[in-house]
Amino acid sequence: MIDFEQKGFLNIHTLLTKDDTNLSNNDNKHLYSQMMLGNTPSPMFSYLLNLNKQNLNDFKSIMFYNESNLASLINESKEAEEVLDNHTIYLPEKQKKIKTAFSKVLEQRHCTRQFVYERMNLKEFSTILNFAFGIGNRKLTYDNYVATTRYHSSGGGLYPIDIYLYIKNVSDVSEGMYRYQPYSHTLYPLDIENINSSSFFVGESIDTDNMNFCVFFEYSLNKNFVKYGELSLLNTLVELGGISHNFDLVCQSLHFTSCPIAGFNKSTIEKLLYLDGINDHIVFTNICGKE
Ligand SMILES: Cc1cc2nc3c(=O)[nH]c(=O)nc-3n(C[C@H](O)[C@H](O)[C@H](O)COP(=O)(O)O)c2cc1C
């Protein structure tokens with residue numbers, strides 16, 4: 001149990017109640033007190049208390065990965081995971097030149113949830129995907145291995161996030177669900193029928209009818225747990241923030257707007273994508289359209 005009064009946790013926003021019997025009140029202010037008193041468990045709070053905890057076996061695995069250059073070896077063969085057949089859609093290799101000044105992009109970035117119905121052309125779409133999720137030109141050499149890099153950083157260079165897209169209104173691409181394949185800069189159609197895009201997000205505020213597309217960020221636990229153990233989730237969520245923010249900035253630079261969305265229907269989307277929800281999770285979403 002935490003002695004929060006002695007830890008100086010009290011401030012004007014904190015309502016404390018010490019009524020130990022009041023465990024099922026749906027008010028987060030009451031719940032907060034019970035959580036602090038140790039009366040009610042919270043997975044999030046336990047995680048926070050143990051944040052950055054590393055076990056001896058984590059250190060062993062981290063050292064093993066670092067000394068053996070395993071990430072570069074995995075990186076070299078990752079390309080082989082991509083499906084290239086007559087269904088694969090190759091996106092334009094040549095990207096649209098981004099002319100907006102970086103400071104202007106930062107100043108103008110904002111979230112949009114309602115859009116006008118306007119088609120995004122394939123070159124704009126390809127440019128957004130390339131700079132947000134794609135492979136950069138910079139290479140890293142470790143001993144005999146040459147590792148590719150991306151436009152965002154990644155814990156241990158393991159890139160545990162994969163990108164799924166629901167495309168609504170992009171030229172030359174039919175509406176539907178796709179997997180983005182960064183090495184070949186391609187889309188692979190998932191051929192999933194009867195998708196109701198209004199079921200993706202919680203509530204009515206997100207305009208899936210007029211969006212150009214939305215993004216589902218998928219985390220596969222095995223991609224970094226074997227190196228980082230208990231540190232994996234923290235690394236992944238921080239990395240995801242970087243990816244999602246790059247996405248926001250590239251959209252803005254091309255005069256589209258976006259909105260990172262935590263209020264998504266996790267199991268609905270995972271079921272659609274045939275993800276098991278055990279090793280493979282949808283951990284975040286984003287949406288892009290014309291304001
Ligand atoms: C981690 C995260 C989760 C978010 N989740 C939602 C969401 O579920 N629904 C929503 O409408 N906006 C969501 N947003 C957008 C925020 O509401 C928005 O960024 C905030 O109001 C600030 O506005 P601005 O981005 O236009 O500056 C989220 C933003 C972040 C960074």
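Author: Two strands pair if DSSP finds at least two bridges between them. This is a predicted model, in which local features need pLDDT of at least 70 and side-chain atom pairs count only at pLDDT 80 or more, while totals for chains, interfaces and linings use all residues. Residues are numbered from 1 along each chain as its sequence is written, and side-chain values use heavy atoms, with hydrogens and water left out.

Reader: Thanks! How many helices and strands does the protein chain have?
Author: Let's start with the overall dimensions: along the principal axes, the C-alpha atoms fill a box of roughly 65 × 50 × 40 Å. Of the 291 residues in the chain, 46% are buried (under 20% relative accessible area; exposed is over 50%, partly exposed in between, with a 1.4 Å probe and protein chains only). The secondary structure comes to 9 helices and 9 strands.

Reader: In strand 6, what is the bridge partner of Y90?
Author: Strand 1 (residues 89-90) runs antiparallel to strand 6 (residues 186-189), and 2 bridges join them. For Y90, the partner in strand 6 is T186.

Reader: Which residue in the turn of the hairpin of strand 5 and strand 6 has a positive phi?
Author: Strand 5 (residues 176-181) pairs with strand 6 in the antiparallel sense over 4 bridges, and Y180 has L187 as its bridge partner there. The hairpin leaves 4 residues between the two strands. In the turn, a phi of about 50° belongs to H185.

Reader: K168 is in the loop between strand 4 and strand 5. Is K168 buried or exposed?
Author: Strand 4 covers 161-167, and K168 lies in the loop that leads on to strand 5. Its side chain and that of E175 make a polar contact of 3.4 Å (a pair of N or O atoms within 3.5 Å; within protein, one must be able to donate a hydrogen and the other to accept it, and residues adjacent in sequence count only if both atoms are side-chain atoms). Because its relative accessibility is 18%, K168 counts as buried.

Reader: On to the ligand: which strand gives the largest share of the shell around it?
Author: The ligand is surrounded, with a heavy atom of each residue within 4 Å, by R109, H110, C111, R113, I206, C259, P260, I261, A262, G263 and F284. A polar side-chain atom of R109 is 2.9 Å from a ligand oxygen, while a backbone N or O atom of P260 is 3.0 Å from a ligand nitrogen. A backbone N or O atom of G263 lies 2.8 Å from a ligand oxygen. With 3 residues, the largest share comes from strand 8 (residues 257-261).

Reader: How many disulfides are there?
Author: A disulfide here is a pair of cysteine sulfur atoms within 2.5 Å. The cysteine sulfur closest to that of C259 belongs to C111 and is 4.0 Å away, too far for a bond. With 2% relative accessibility C259 is buried, whereas C111, at 30%, is partly exposed. The count comes to 0 disulfides.
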